[in-house]
Amino acid sequence: MKLFVVEDEAKMARLLERGLREEGHQVDLAESGTEALEQGLGVAYDVIILDWSLPGMDGVSLLRRWRERGLRTPVLLLTARGTVGERVTGLRAGADDYLVKPFDFEELVARLEALHRRGAGHEALTRLGPITLDARRRVIGRDGAEESLTAREFALLSELAGHAGEALTRTELLGTVWGTGFDGAPNVVDVYVGYLRGKLRSVSGDAVTIQAVRGVGYRLVVARPPRGEA
């Protein structure tokens with residue numbers, strides 16, 4: 001998932017970023033409502049994690065502005081405010097879910113996954129030639145044969161599938177799938193392409209492949225079915 005965390009407490013922001021990246025998600029951070037306003041509207045995030053207490057513009061005011069301007073991205077509101085009245089205020093402002101601090105990280109991840117499934121709707125299944133990419137179950141399958149994907153594998157395959165036939169550079173894939181703050185080895189893209197190639201071959205043979213483009217990066221290629229086949 002591509003996540004946007006709006007949190008001004010530096011320690012909490014770092015913990016969330018590290019934990020969510022370890023789960024395989026791409027994470028962008030903002031420290032204030034003012035900073036987050038345009039970014040939340042301008043980037044296609046899967047879920048936004050929003051702290052109620054922010055400097056300048058508080059989280060609820062920011063959320064109202066987003067909803068007024070048409071933002072439909074699911075929002076998980078984090079807060080130390082736990083009364084019923086305050087929860088109602090947050091939900092009526094446009095929050096899709098609510099988590100009171102302190103919270104368990106595993107519960108946070110489970111709630112994010114639930115919001116993502118809910119927001120994915122009819123886009124949960126993607127056809128790639130003869131195979132199906134299932135976003136809810138994070139698997140690829142064909143005729144009953146399936147391969148499970150890790151969160152990072154799913155993000156990489158989704159990015160390639162969204163630009164099927166186009167060559168994407170390693171830099172583009174690193175930025176989109178691992179995030180602009182990733183400081184690991186650039187060949188991590190090659191490693192994960194290798195993982196995906198094995199799983200694609202397992203369920204599709206040569207019908208769906210990831211081709212290396214010399215001097216550029218990779219592209220996903222879906223072979224045309226033989227004449228007479230659907």
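Select D51 to begin, the position that UniProt lists, in an unreviewed entry, as "modified residue: 4-aspartylphosphate"; positions from UniProt are given in the numbering used here, feature names are shortened, and annotations may be inferred rather than shown by experiment. The model is predicted, so local features need pLDDT of at least 70 and side-chain atom pairs count only at pLDDT 80 or more, whereas totals for chains, interfaces and linings use all residues. Residues are numbered from 1 along each chain as its sequence is written, and side-chain values use heavy atoms, with hydrogens and water left out.

D51 belongs to strand β3 (residues 47-51), where strands (E, at least two residues) and helices (H or I, at least four) are DSSP runs numbered from the N terminus. With a relative accessibility of 3%, D51 counts as buried, a word used for under 20% relative accessible area, with exposed meaning over 50% and partly exposed in between (1.4 Å probe, protein chains only). Now show the residues in contact with D51 (heavy atoms within 4.5 Å): apart from neighbours within four places in sequence, they are V6, E7, G59, L77, L78 and K101.

Move on to D97 in strand β5 (residues 97-100), which forms a salt bridge with R111, the closest N and O atoms being 2.8 Å apart. R111 sits in helix α5 (residues 105-120), 14 residues from D97. D97 is buried at 16%, whereas R111, at 23%, is partly exposed.

Then select K199 and E153, whose salt bridge has its closest N and O atoms 2.7 Å apart. K199 lies in helix α8 (residues 188-204) and E153 in helix α6 (residues 151-162), 46 residues apart, and both residues are buried. Salt bridges with shared partners also join E7, D51 and K101 into one network.

Finally, colour the chain by domain: domain 1 spans 2-120 and domain 2 spans 125-222, with bounds from an automatic or database domain assignment. Their C-alpha centres lie 28 Å apart, and the contact takes 6 residues from domain 1 and 9 residues from domain 2. The count of salt bridges between domain 1 and domain 2 is 0.

How values were computed
A salt bridge is a side-chain nitrogen of Lys or Arg within 4 Å of a carboxyl oxygen of Asp or Glu.
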